[in-house]
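Please look over this two-chain complex and its ligand. A short report on the fold, the contact and the ligand shell is wanted.

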Amino acid sequence: MANDSKFTNQKFKLVGTRVMRPDGVDKVTGRARYGADASAPGQLVGAILRSPHAHATIRKIDTQKAEKLKGVKAVITSADLPDFTGGEGELYNVLENCMARGRALYDGHAVAAVAAVDAETARRALKLIKVDYKVLPHVTDVDLAIKPGAPVVQPGVKTKDKKAAPTNVANVTTYGHGDVEAGFGKADVIIEKSYKTEQVHQGYIEPHACLASVGPDGHGELWVTTQGPFAYRNWCATLLGMEMSQLKVTSSEIGGGFGGKTHVWIEPIALALSRKANRPVKLVMSREEVFRASGPTSPTSIDVRLGATRDGRIVAADAAMRYGNGAFPGIWGEVGAMAAWACYDIENVRSVGYEVLLNRPKVAAYRAPSAPMAAFAVESTVTLMAEALGMDPVEFRLKNAAREGTRASYGPTYGPIGIVPTLEAVKKHPHMRARLGKNQGRGVACGFWFNFGGQTCADLIIDVDGTVGLSVGTVDVGGARASLSLIAAEELGIPYEEVRCNIADTASLGHNDMTDGSRGTFSSGMATIFAARDAIEQLRVRAAKAWGIDVKNVSWKDGKAIAKGKRKSLTLKEIAEASPNTGGPISGHSQVVADGAGVSFASHICDVEVDPETGGTKVVRYTVVQDAGKAVHPDYVEGQFQGGAAQGIGWALNEEYVYGKDGRLQNPGFLDYRIPVCSDLPFIDTQILEIPNPNHPYGIRGVGETSIVPPLAAIANAVSDAAGVRMTHVPMSPPRVLAAIKASRAEKAPTG
Amino acid sequence: MLKDMMTRFELYRPTALADAYELIDQFGAGAWLMAGGQDSLDWFKDRAKQPRAVIELSQIEGMTGVRETADGVEIGALTTLAEIEENALVRERYGLLVSAASHVASPQIRNVGTIGGNLCQDTRCWYYRAGLSCYRAGGNICYADSPEGMNREHCLFGASRCVAVSPSDTAPALVALDASMVVSSRKGERVVRAERFFVGPDVDIQRMTALQPGEILTAIRIPSAFSSANFYFEKVAERKTWDFALVSVAAALRIESGTIRDARIVCGGVECRPRRMRDAEDAIRGREQNAETAGAAARRSAGGARPLRYNEYKIPLVENLVTRAVRDA
Ligand SMILES: Cc1cc2nc3c(=O)[nH]c(=O)nc-3n(C[C@H](O)[C@H](O)[C@H](O)COP(=O)(O)OP(=O)(O)OC[C@H]3O[C@@H](n4cnc5c(N)ncnc54)[C@H](O)[C@@H]3O)c2cc1C
């Protein structure tokens, strides 16, 4: 029973209510401590010297003058970070990304670092470091990078299955089934289109920050803003040649991560500086450094081919998806290829993902990583197809949507899923019937995300006064402490207010995978249920002992142990108060690999108004419909839906990394990198559907990511509708919209 | 580069103009005038400018507020943009300035930023702001106009080695209203027409205004010529707030029984100073205010434009904004 993850289909008392979050007051009063809010006695300030070149060989680094500057306590280069990784593979890439080893691979790549008594001295020391660069040709554009003769970013990387010379294509992966070419042979209409999306950053408000301390005995502590203290511990310990148990990592409150804080950047450097200086070191990135040298998402270039019969059935689908990975190989094209066709039931389907290396920062996950660009290309084409067939775009999608039993293009066969219900809800939504004004257009798009589970561990302690402490190892990024407390209270049958959820450090709890893949509430929710069930077992044992009966005859209901057949009961509080004399402390524990995270689908509706004279786009109405499995805390589910849509709106309309031809990032700040602000967003309407996940006791699915998948496409479909011209390049900023309108007018004008 | 940490400077807060002149003399090139600090602090934090002494003007008496004069109004240079937005007199007569001021940055910045500072602020060219040693910074190259440069935010007109644009939203409005700038120094006071106050790189590549070292902008005078005229202001930016104009237009039209008697049309974001659209103005004086006239103005608004590699889109923007200004003012 304890570790049975089957859906219970129970009636909830607390789950599904909108309680106050436990971290709310601290966050609005400023008492919450984020990455940069910790200090230690004797602390030094760290600073990093970064490459001004997109691609260069580092011939020599002279740190002598910097070392001699008064107040400087340590200067490090890659020589202070010996390779413990074996010289290849992902970990080596992490090491090289943290600090350049003989070559700078992008503008902003760390080259050296200092720790000094104050920021002013650290900055002066950086200026005294002399780096001798030999500048090499570089490439920052996905399409240019795969052309023959393009500068090669990683000479050691060769495309699999190819004996040819090094290229910038680090890997090629293919997904799908059926016979695609035969499928196109059966199609009455074939649409082919190419798309491009620019690189964007997650834009979390809190820059990377940490306080590192390594003592002379080799033991260390790291206070850091992260989505995964255990993963950070493992990486940092390995890169520094420490035992994992020698390093304790504590996660601070987190000011947003969206995937960007699932990778280490400055943390190993801070630890290395601390080790060398023998003092605690605080290292905080500036916003400029965050843009230049953390992990934005991929720029992409995607070709899509779609074939359908006249009666509206998709018979073949094909996509070639080139994802910029930055300077190190990743899996971003592969993930995009897996997600591309997941919404549909297609007999002959293929997607090929290419990992393209560029002289740009190492790409990191960004909320449903890779899926929004895939959806932009696929969902734009799907709408084009509906138009070509003269069908309603929602009907066309419904006709081809995946259902329970459909074999997904990326392999598995679906269980109960939400794509059809979200589309049905869209069809019925009043938004779809609202009249559009002049220059306005409407777009619809669907989105999919896998959702993850993974290794999870939780402790639940019953204090002697009957209140409960819950320790989990997944960082709370979006309100999980409230949701997990609700779950613990529900399971135990006590009030929500009597549970306090704590995020444990790496020395206090077993391993937990990161808060990513929308797994926090799904996995830690499952572990919490199991830990509570474990505690209940013990509570029953204590009650049985008190009554002198067999534990088999004690049941647990509404926070009480009840003796079978007798009218006797003991509350949790009563059992807790007696615990010192009945066997000591009571606590529940659980450790699981939380399998069976249910896939998630969403459908979005978007209305925009395009000013044909300025190219400006205003989002006038936006509706998100998404399957949540079970919305444990509906406010935070809605918040996730709205947040994803808001980020998608920025991505679709304004945000973009602008690189000069010199390979330097021109807009590393929030003024020139234009994240939408309040006045750029409409109220984002949400509708939660609940199609229970059969693999979770409460039916929970992840909800955090899918909401960013449809917006690029929904907005592109709406802008194209409003402007009368198909937009295939994101962001659709005023210059681009204006140029597209102009080009289409020139095309339509009679020649001669 | 380490940000958010200014180098040391002495802060002075004189209470009289005479004391301010004294300080300017004392520190020479090491002195920096500061009003609301919204432009200044950015420079300091980026360490692209490192003055020895910052002379804060906010304590000087008589530099704030709006006064009615015999011919219009006079606005103290230290008046905040928020105060201007709310001032009854300005609202009643010079709605164009109110509209322009309300499009600046964000409410927080307008609560602190002054009109004088807004007019004297430096350009936002991202190469120049990054502290690179370009022409404007005393160097010998323009990065934005190099074959490698990204210049979608840069100028269409008046380039002279430097291709930066004037970022101020209020400047085009004040040129359209034919305002004058009151400039004071130890030597006394001079009054400069707004149109001549803003200068391009051909006149001075390191300065955006006619202010000389030692001079302080004390007030802005707006004459009654265009008081309560027909106004039009529009700013195209990628965000609705907290963003600079790609192109803006400020227009003041005197219209009598449907006929345009006089017009001043000014665009921002296209030149290193607010650009007056004289050809367009000439084309519409004496004509009826309608779509056709607007079209005539538009056709004469982008003549002579020399787009850079990435900013050609600004040409239709100028034309379309001028059309709207003439048609809808
Ligand atoms: C994030 C952000 C967004 C912005 N967006 C916009 C925008 O959309 N539109 C827009 O127009 N502006 C915008 N600005 C600029 C902002 O409006 C101006 O920086 C502000 O109005 C300047 O006023 P201040 O009083 O704070 O100037 P300060 O920083 O105090 O001064 C600016 C400059 O003017 C000089 N100066 C100031 N007063 C005088 C005086 N009386 N005599 C002589 N010299 C003087 C100073 O020496 C300094 O060089 C933005 C600024 C920021 C930081």
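The report below starts with conventions, then takes the ligand, the contact and each chain in turn.

## Conventions

This is a predicted model: local features need pLDDT of at least 70, side-chain atom pairs count only at pLDDT 80 or more, and totals for chains, interfaces and linings use all residues. Residues are numbered from 1 along each chain as its sequence is written, while chains are lettered from A and ligands numbered from 1 in the order in which they are written.

Helices (H or I, at least four residues) and strands (E, at least two) are DSSP runs, numbered from the N terminus.

## The ligand shell

The ligand lies between chains A and B. A residue counts as near the ligand if its C-beta atom, placed from the backbone, lies within 6 Å of it.

Chain B has a domain 1 (10–59) and a domain 2 (230–328), with bounds from an automatic or database domain assignment.

## The contact between the chains

Chain B puts 24 residues into the contact and chain A puts in 29. Two residues are in contact if their C-beta atoms, placed from the backbone, lie within 7 Å. On the side of chain B, helix α13 (residues 314–328) gives the largest share, four residues. That side of chain B has 12 nonpolar, three polar and nine charged residues.

Four strands of chain B form an open sheet in the order β9-β10-β11-β12, with antiparallel pairing. Two strands pair if DSSP finds at least two bridges between them. The edges are β9 (230–236) and β12 (275–276), each pairing on one side only. Nine bridges link β10 (residues 247–256) and β11 (residues 259–268) of chain B. Across this pair, B:R254 stands opposite B:D262. Helix α13(B) packs on the sheet and touches β9, β10 and β11 of chain B. Its direction makes about 25° with that of β10(B). Axes are lines fitted to C-alpha atoms, for helices over the stretch in contact, and angles run from 0 to 180 degrees between N-to-C directions.

Helix α5 (residues 95–102) of chain B is mostly covered, with six of its eight residues buried. A residue is buried if 20 or more other C-beta atoms lie within 10 Å of its own, exposed if 12 or fewer, and partly exposed in between, with C-beta atoms placed from the backbone. The buried ones are B:L96, B:L97, B:V98, B:S99, B:A100 and B:A101. They pack against α3 (81–86), α4 (88–93), α6, α9 (170–176), β9 and β10 of chain B.

## Chain A: the mixed sheet

An open sheet of seven strands in chain A has the order β3-β5-β1-β12-β9-β10-β11, with mixed pairing. At its edges stand β3 (72–76) and β11 (247–251) of chain A; each has a single partner strand, so one side of each lacks a neighbour in the sheet. Neighbouring strands are turned by 20° against each other on average, direction ignored. Within the sheet, β1 (residues 44–50) and β5 (residues 110–116) of chain A run antiparallel, joined by six bridges. A:I48 has A:A113 as its bridge partner in β5(A).

Helix α4(A) lies across β1, β3 and β5 of chain A, at about 30° to β1(A). A:K127 belongs to this helix (residues 119–128). Why is A:K127 exposed? It has 12 other C-beta atoms within 10 Å.

## Chain A: a covered strand

Strand β24 (residues 600–610) of chain A has 10 of its 11 residues buried. It pairs antiparallel with β16 (residues 440–449) of chain A over 10 bridges, where A:G443 stands opposite A:C606. Nine bridges also join β24(A) to β25 (residues 617–627) of chain A, again antiparallel, with A:S603 opposite A:V625. β24(A) and β25(A) form a hairpin with six residues between them. In the turn, A:G615 has a positive phi of about 80°.

Methods. Ala, Val, Leu, Ile, Met, Phe, Trp, Tyr, Cys and Pro count as nonpolar, Asp, Glu, Lys and Arg as charged, and the others, Gly among them, as polar.
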